[in-house]
Amino acid sequence: MPITEEPVHSALSADLLGILRCLNCGERLEGDSSGGFDCPACRRAYPQVNGIARFVDAQHYAASFGFQWHRYQKTQLDHDEVLEADRHFRRKTGLRPEELQGKLVLDVGCGMGRFAEVATRWGARVVGVDLSLAAEVAAKNLPDREFIAMQADVFALPFAPESFDVIYSVGVLHHTPDCEAAIKTLDKYLKPGGVLAVWLYSGYNKWYRFSDFWRRYTHKMKPETLHGVLRVAVPFFYHLERGLQRIPVLGKPMAGAVHHVFPVNRQKDPEARLLDTFDWYSPKYQSKHTYEQVFRWYEAMEMEDMRIGESAIAVRGRKPARRA
Ligand SMILES: C[S@@+](CC[C@H](N)C(=O)[O-])C[C@H]1O[C@@H](n2cnc3c(N)ncnc32)[C@H](O)[C@@H]1O
């Protein structure tokens with residue numbers, strides 16, 4: 001699709017004005033002359049800065065993601081024949097084009113917008129929220145789509161109840177201080193009959209243990225410093241493992257041991273490898289989950305038609321059409 005100068009999400013802008021609510025008093029918001037929003041009731045203002053409306057005053061614990069998605073703006077974005085995000089989106093949400101066509105969709109923790117790109121390509125009108133400055137990158141990446149990005153926190157979303165047909169969140173809620181509370185807060189914004197799909201890190205992988213140990217230190221580093229360290233460490237450990245694997249008999253177990261103690265991403269593309277390793281070691285919060293846990297949370301929300309996706313831990317469910 002051509003990149004246009006002006007955003008083309010007029011239908012979505014009208015949708016958004018109907019559902020936006022003040023975080024302070026819950027009243028309907030109005031657009032202001034600068035592209036931000038004002039509350040006519042309590043006068044609280046939500047300014048637009050760098051092209052997106054701000055519903056938080058800072059990135060809080062998510063600053064490393066702001067750095068990450070500004071540094072790797074398009075690495076994971078689908079283009080030409082590369083449809084990796086499309087594949088991940090299907091495996092991690094179970095959603096299909098026909099379910100999103102014409103629907104109003106919320107992307108929670110949209111990052112640089114790779115899944116909003118897929119959802120809008122499938123015909124959805126998508127609102128993307130992210131706690132970090134990644135929302136700026138998402139807006140810049142998708143100017144020609146029915147997509148609006150905003151900087152907002154999943155725990156304080158500026159929307160009326162029952163606003164969205166579909167809500168998805170891929171790789172996000174385990175990075176909040178309370179994954180269960182984050183999932184349960186989303187139920188409120190879903191229309192009756194709407195679908196909630198989440199993908200979380202799996203608690204079944206035991207090799208996470210060493211990286212959890214290193215993360216205790218790495219998440220405290222400045223993102224720029226950690227990125228500098230990983231620029232050296234990732235190629236070092238990646239090539240060390242590959243070198244060890246060539247040694248007969250003992251090579252493979254030795255390579256396995258190195259990977260166990262110093263896990264780095266093993267993708268072929270060096271940039272994707274560095275990005276995903278940074279994404280692994282930089283977050284302050286990174287919880288892991290099981291299907292039993294997530295199903296319990298969905299059951300507590302009285303969700304129906306619960307299904308698992310192809311890539312653990314992927315769970316989707318439907319809000320009952322009418323709740324008693
Ligand atoms: C690993 S990234 C995933 C981004 C995107 N979903 C993707 O898969 O490309 C996690 C994202 O969650 C965002 N995030 C973390 N806590 C959040 C919160 N409380 N509210 C909204 N977004 C949050 C981060 O800023 C970050 O962009």
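In this predicted model, residues 24 or more positions apart supply 64% of the contacts in the chain that have a separation of 6 or more. The chain carries 12 helices and 12 strands. Its radius of gyration is 20 Å, close to the 20 Å that the globule rule gives for 324 residues, so the chain is as compact as a globular protein of that length. Taken along the principal axes, the box filled by the C-alpha atoms is roughly 70 × 45 × 40 Å. Of the 324 residues in the chain, 40% are buried.

Turning to the domains, the chain is divided into domain 1, which is made of residues 53-202 + 290-318, and domain 2, which covers residues 208-281. Over C-alpha atoms, the centres of domain 1 and domain 2 are 27 Å apart. Where the two meet, 7 residues of domain 1 are in contact with 8 residues of domain 2. The side of domain 1 that touches domain 2 is made up, by class, of 3 nonpolar, 3 polar and 1 charged residues.

Terms used:
Residues are numbered from 1 along each chain as its sequence is written. This is a predicted model: local features need pLDDT of at least 70, side-chain atom pairs count only at pLDDT 80 or more; totals for chains, interfaces and linings use all residues. Helices (H or I, at least four residues) and strands (E, at least two) are DSSP runs, numbered from the N terminus. The radius of gyration is taken over C-alpha atoms; the globule rule is 2.2 Å times the number of residues to the power 0.38. A residue is buried if 20 or more other C-beta atoms lie within 10 Å of its own, exposed if 12 or fewer, and partly exposed in between; C-beta atoms are placed from the backbone. Domain bounds come from an automatic or database domain assignment. Ala, Val, Leu, Ile, Met, Phe, Trp, Tyr, Cys and Pro count as nonpolar, Asp, Glu, Lys and Arg as charged, and the others, Gly among them, as polar.
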